[in-house]
Amino acid sequence: DISIIYIDPPYNKYNLDNLMTILQNKISKKTIIGIETSIKDNFKIPSKLNLIKQKKYGKTKLSILTLF
């Protein structure tokens, strides 16, 4: 089974570093995470997650991550 998590929080309102750290310990290897952020937001990708693609669209950045 493949799971998909899409995160689209209000920009600069939540601690994405904390959220991503918690998520990395709760998901399976077949989970894909898509996170939409402001291009100004530079959240840290936790050690267990792998950035597989990132695109910028105007003021928006979309990051796609999976577990290592």
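The largest nonpolar core of this predicted model has 11 residues: Ile7, Leu16, Met20, Leu23, Ile27, Ile33, Ile35, Phe43, Leu49, Leu65 and Leu67. A nonpolar core here is a set of buried Ala, Val, Leu, Ile, Met, Phe, Trp, Tyr and Cys residues joined through side-chain atoms within 4.5 Å. Buried means under 20% relative accessible area, exposed means over 50%, and partly exposed lies in between (1.4 Å probe, protein chains only).

**The core and its neighbours**
- Helix H1 (16–24), strand S2 and strand S4 (60–67) are the elements that each give two or more residues to this core.
- H1 gives the most, with 3 residues.
- Core member Ile33 touches Ile5, Ile7, Met20, Leu23, Ile27, Leu49, Ser63, Ile64 and Leu65, leaving out residues up to four places away in sequence; a contact means heavy atoms within 4.5 Å.

**Overall fold**
- The protein has 1 helix and 4 strands, where helices (H or I, at least four residues) and strands (E, at least two) are DSSP runs numbered from the N terminus.
- Starting at the N terminus, the order of elements is β-α-β-β-β.
- The radius of gyration is 11 Å, close to the 11 Å that the globule rule gives for 68 residues, so the protein is as compact as a globular protein of that length; the radius is taken over C-alpha atoms, and the rule is 2.2 Å times the number of residues to the power 0.38.
- The C-alpha trace spans about 35 × 20 × 20 Å along its principal axes.
- Of the contacts with a separation of 6 or more, 50% are between residues 24 or more positions apart.

- Thr37 lies in strand S2 and counts as buried because its relative accessibility is 1%.
- Beyond its neighbours within four places in sequence, Thr37 is in contact with Tyr11, Leu16, Phe43, Lys59, Thr60 and Lys61.
- Ile32 also has its place in S2 (residues 31–38), but Ile32 is partly exposed, with a relative accessible area of 32%.

**Surface**
- Buried residues make up 35% of the 68 residues.
- The protein exposes about 4800 Å², of which carbon and sulfur atoms supply 53%; areas come from the Shrake-Rupley method with a 1.4 Å probe, and for residues only the protein chains shown count as cover.

**How to read the values**
- Residues are numbered from 1 along each chain as its sequence is written, and side-chain values use heavy atoms, without hydrogens and water.
- In this predicted model, local features need pLDDT of at least 70 and side-chain atom pairs count only at pLDDT 80 or more, while totals for chains, interfaces and linings use all residues.
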